[in-house]
Amino acid sequence: MIYAWKIGVSLLAVMVIFSLSSMIPAMLQASGVIHPGSFWTPVCTHLLMILFSFLIIILHGPGKLADFGLKSCSLHDFRAPLIWALVVGLFFQLILYLVFPSFIGKPVGPSADYSLLQTILFVWGLASFAEEVLFRGLIQGLLSSLSHWRISIGAVSLSVPVIIAALLFGLVHLGLLTMKVDAGYVAVIVAGAVVLGLVAGYFREKTGSLWPAVAVHALFNITGSGVESLLKVILK
């Protein structure tokens, strides 16, 4: 029963944080502070995501910060995560555009029309950090007592917290369906997000630090931008 309660609390945390992080920018748009469709809307959403995640983490006490991955790590801890992020990122991006070539260069999602600078600041930077703080920091931290429950895939052992955080991360990408994006395309996006979550979560747990997970997420996003740009040049 206690395990189901912990999982339920984690689900509730995601729902509340996403709801509040979306509701406040919507109110700012309604009051005219932020223009609808503005670059600042997702920026505001993700800053609030960081704020609410940190508030919940801090409520657990200053001595508990390391339990949520808020600790430093060595440069050596980044080597394997970055290699895996590059491999997984290239694989899913190539699959995505081989199966759906019509989407190459086609605007998809709120970041579709961003400039290079906006892409670097938001997609590669802020979004990667905010989403890792929530999923690999807060959610994995809340579920850390379930880490002894594990599933082995070859030589890799994945804990229940890693798996649940990855699944939740993948599921939030179903929001693309509300933008009338092709369901098959969204399915590949969701699958890629789940695998990204598993890689980031695995190294977050292995190193005890959130920073390798942030690096994995950022490189995955960078790889996605790079593959699409390369394919657009090739297919011109």
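Before you start: residues are numbered from 1 along each chain as its sequence is written. In this predicted model, local features need pLDDT of at least 70, side-chain atom pairs count only at pLDDT 80 or more, and totals for chains, interfaces and linings use all residues, while side-chain values use heavy atoms, with hydrogens and water left out.

**Exercise 1.** Find where in the chain confidence is lowest and where it is highest.

*Solution.* Start with pLDDT, the predictor's confidence in each residue, from 0 to 100. The chain averages 88, and 90% of the residues score at least 70. Next, go to the elements: helix α7 (residues 211-234) has the lowest confidence, with a mean of 81, and helix α5 (residues 160-171) has the highest, at 96.

**Exercise 2.** Describe the secondary structure of the chain.

*Solution.* First, recall that helices (H or I, at least four residues) and strands (E, at least two) are DSSP runs, numbered from the N terminus. Then count them: there are seven helices and two strands. Finally, read along the sequence to get the pattern α-α-α-α-β-β-α-α-α.

**Exercise 3.** Locate the salt bridges and say whether their residues are buried or partly exposed.

*Solution.* A salt bridge needs a side-chain nitrogen of Lys or Arg within 4 Å of a carboxyl oxygen of Asp or Glu. The structure holds two.

- Step 1: Glu132 pairs with Arg136, with the closest N and O atoms 2.8 Å apart. Both residues lie in helix α4 (residues 116-142), four residues apart, about one turn of the helix.
- Step 2: Buried means under 20% relative accessible area, exposed over 50%, and partly exposed in between (1.4 Å probe, protein chains only). Glu132 is buried at 0%, and Arg136 is buried at 0%.
- Step 3: Glu205 and Arg150 form a salt bridge with an N to O distance of 2.8 Å. This pair links distant parts of the chain, with Glu205 in helix α6 (residues 183-207) and Arg150 in strand β1 (residues 150-153), 55 residues apart.
- Step 4: Glu205 is partly exposed at 25%, and Arg150 is partly exposed at 39%.

**Exercise 4.** Work out what surrounds Leu138.

*Solution.* Leu138 sits in helix α4 and is buried, with 0% relative accessibility. Now look for contacts, meaning heavy atoms within 4.5 Å. Leaving out residues up to four places away in sequence, Leu138 touches Ala13, Ile17, Ser53, Ile56, Ile57, Phe68 and Val133. Take Ile57: it lies 81 residues from Leu138 along the chain, with their C-alpha atoms 6.5 Å apart.
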